[in-house]
Amino acid sequence: MKTGIRGLMALFIAFGLTACGQPGIDASQTGPFAPGIDLRAEGVDGVEVAHRLIAAGEFELAIKSFNRAALDRGGLDAEILSGLGTANLGLGRLNQAEKLLRRATTEYDPEPSDLNNLGVVLMERGQTAEAVQVFRKAFALDDGESTLIRDNLRLALAKSENSVSVEPNESQYKLVRRGSSDFLIRTAS
């Protein structure tokens with residue numbers, strides 16, 4: 001009986017050792033380590049990295065990446081200003097977001113998405129009348145093709161019409177990130 005148990009134990013050990021010998025990482029071709037950094041490769045643009053970070057909801061890292069991109073480009077341009085404004089908007093820093101987005105839309109030719117984001121900031125700060133004007137300008141520049149801007153304009157108009165007869169409800173609208181750098185105001189449900 002002891003011989004039978006020893007035989008079974010030997011059989012289990014043999015199967016166990018066989019499983020350990022299965023090929024895993026082929027050390028002869030690539031080695032067991034991750035590939036190294038190709039120092040000759042072209043680096044990814046810092047602005048592109050920052051936009052990806054915004055899409056991932058990493059607003060603080062996006063701000064750092066936009067700042068590095070500004071150093072690489074030799075200063076702030078419209079894309080970096082609007083990106084910094086959008087990242088600050090995502091963090092809820094409305095004063096900083098408004099200043100940066102205003103600079104992006106006044107010092108440079110305004111983009112519809114930048115005006116949209118500025119309108120969202122103004123809505124969040126309770127400046128509905130100015131937000132309506134900004135959304136109208138964004139809608140006109142976009143030739144009415146963006147449903148996002150149209151919906152924001154529609155909500156801003158509805159809020160401005162209701163503010164005369166109804167006491168404002170601050171929790172009626174909430175900010176929702178949409179796409180890589182556009183924001184949409186939706187009614188809270």
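**Ground rules.** I number residues from 1 along each chain as its sequence is written. In this predicted model, local features need pLDDT of at least 70, side-chain atom pairs count only at pLDDT 80 or more, totals for chains, interfaces and linings use all residues, and side-chain values use heavy atoms, with hydrogens and water left out.

**Entry: α2 and α3.** I looked up helix α2 (residues 46-55) and helix α3 (residues 59-73); helices are DSSP runs of H or I, at least four residues, numbered from the N terminus. Their axes (lines fitted to C-alpha atoms over the stretch in contact) come within 8 Å and cross at roughly 170 degrees. That makes α2 roughly antiparallel to α3 (an angle over 145 degrees, on a range from 0 to 180 between N-to-C directions). I noted the contact (heavy atoms within 4.5 Å): α2 gives G46, V47, V49, A50, H51, L53 and I54, and α3 gives F59, L61, A62, S65, F66, A69 and R73.

**Entry: α5.** I checked the length of helix α5 (residues 94-106). A97, E98, L100, L101, A104 and T105 of α5 are buried (under 20% relative accessible area, 1.4 Å probe, protein chains only). These buried residues pack against α4 (78-90) and α6 (112-124).

**Entry: T128.** I found T128 in helix α7 (residues 128-141). T128 is buried, with a relative accessible area of 12%. Leaving out residues up to four places away in sequence, T128 touches L122, M123, A156, K159 and S160.

Key
Helices (H or I, at least four residues) and strands (E, at least two) are DSSP runs, numbered from the N terminus. Angles under 35 degrees count as roughly parallel, over 145 as roughly antiparallel, 65 to 115 as roughly perpendicular and the rest as oblique. Buried means under 20% relative accessible area, exposed over 50%, partly exposed in between (1.4 Å probe, protein chains only). The expected span of a helix is 1.5 Å times one less than its number of residues.
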